[in-house]
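Thank you for coming, everyone. Please take a look at the structure on the screen, and I will walk you through some parts of it.

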Amino acid sequence: MKFQLLSLIVLITLYGCKKNVSPEEYNAKAADPKLFHETTTQLTDVIIHDIFKPPVASRIYGYSFLAAYEALIPAYPEYQSLGGQLVKFKAPLKPDSSLAYCFPLASIKAFSVVGRTLTFSGNMWDSYEKGLFEKYQDMGIPEDVYNRSIAYGDSVAKHVLAYASKDHYKEIRGYRYTVTNSPGTWVPTPPAYADACEPMWNTVRTFALDSVTQFRCPPPAKYDLNKDSKFMQLAMEVYNIGNKLTDEQKATAYFWDDNAFVTNVVGHAMFANKKMTPAGHWLAIIRTVTTDKKLNLMQATEAYTLGALSIFDAFVACWDEKYRTVRIRPETVINNNWDPNWRPFLETPAFPEYVSGHSSISAACGTVLTHLIGSNVAFTDTTEKKYGRGVKSFKSFKEAYWDASISRVYGGIHYRDGVEEGTYLGEKIGENVWKRAVTRKNRNTVAQN
């Protein structure tokens, strides 16, 4: 009771010393996309800290951005809810039209509630949110509007979290894959020999796909160790490229590595580095491009949301293909058959090879962004700079996602058909998200460059 009374006194004092400003003024300040961009980066920092596997990270992003989008659209009449468009998703209750709200505040509240709920490190959110919401309080938002907006953001977050709770994610926690050791099938790889990552991910509900098999990939090259077989040609290509990598190829492989948990072995010691996931990398690209093009808060939120939805669906469809074909990794083939000491430039991820997940999610997100922002949008990607992986410039999203795709061959962790078919799968999924998740009532307003 004493704590509640003290909190009330602090709140009264806080607002009593501030002059309320007009709705136009406080909404304009709140709609500056800078704070939302910073909060998306905060979510990525928490995801990296908590070491979420790439598919799981994509789920966190998907629901967080969906909540932010749904809480923001009441301020933008030209936009519409994704309720009734996404699989089994219903629109949240609308706010009371007779009352005043600050919807940018509601949006970032919804985003942070979902992000906090779906991650582990609440202490990282505690300190961040304290400073974040003080900034909104300093904008002169009237107390009743502030509290009402926070409450609306909470309600949208709860609605989205209820939707998330029924996607079959909880039911597959702890499931472990049993290695069959059949010829040509995946087995754990060095140095960690980790268990298979999310073998039941194809059972998680999608956002826009009618079925995980909606866009089936063609069968991979048949496992055949005859020197003239298609499979052996693919394996030898990885081996040969890996043995004579150029500096440019190494830089490309490193740039798109995005391995959430890289294992390092020094003598008898083993330690790991935590890094960004593929989903986090592409959402950082969205921050870069939407900032460069000076897109407003609604446009930026739309881009993040459609990008995140496409990435999630790509992971589900790709994982269905991976555990359907259970294809062996190049490292295992090479080590078992002609060079036991060969190691790929990048650490082989702990799941089957066909098709490439990075290729799939990159193409899915890049395809959506091409529709939304333009086909010839040049940008410089600095995402990996702070991890010592360099900076790269691209002439388009398509050039970027094909660069991400071939990087997996340079890294020695995928065959060429695995990355190419993964890219084609991602393009189809991106097209499907664009077709099904219609954000604007009149799409003719979407600028194409």
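This is a predicted model: local features need pLDDT of at least 70, side-chain atom pairs count only at pLDDT 80 or more; totals for chains, interfaces and linings use all residues.

Let me start with Val 355, which sits in the loop between helix H12 (330–337) and helix H13 (357–373); helices here are DSSP runs of H or I with at least four residues, while strands are runs of E with at least two, and both are numbered from the N terminus. Residues are numbered from 1 along each chain as its sequence is written, and side-chain values use heavy atoms, with hydrogens and water left out.

Val 355 is joined to Tyr 354 by a cis peptide bond, with omega about 0°. Another cis bond runs from Pro 190 to Pro 191, where omega is near 5°, and Pro 191 lies in the loop between helix H7 (143–164) and helix H8 (230–243). Why do I point these out? Because most peptide bonds are trans, and most residues other than glycine have a negative phi.

Now to the packing of helices. H4 and helix H11 (residues 297–325) pack at an angle of about 145°, with their axes 8 Å apart; axes are lines fitted to C-alpha atoms, for helices over the stretch in contact, and angles run from 0 to 180 degrees between N-to-C directions. By class, their contact (heavy atoms within 4.5 Å) has 17 nonpolar, four polar and two charged residues, where Ala, Val, Leu, Ile, Met, Phe, Trp, Tyr, Cys and Pro count as nonpolar, Asp, Glu, Lys and Arg as charged, and the others, Gly among them, as polar.

How do H10 and H14 pack? Helix H10 (residues 278–292) and helix H14 (residues 397–410) pack at an angle of about 155°, with their axes 13 Å apart, which means that H10 is roughly antiparallel to H14, a label for angles over 145 degrees, while under 35 is roughly parallel, 65 to 115 roughly perpendicular and the rest oblique. Trp 282, Ile 285 and Val 289 of H10 make the contact with Phe 397, Ala 400 and Tyr 401 of H14, and by class this contact has six nonpolar, no polar and no charged residues.
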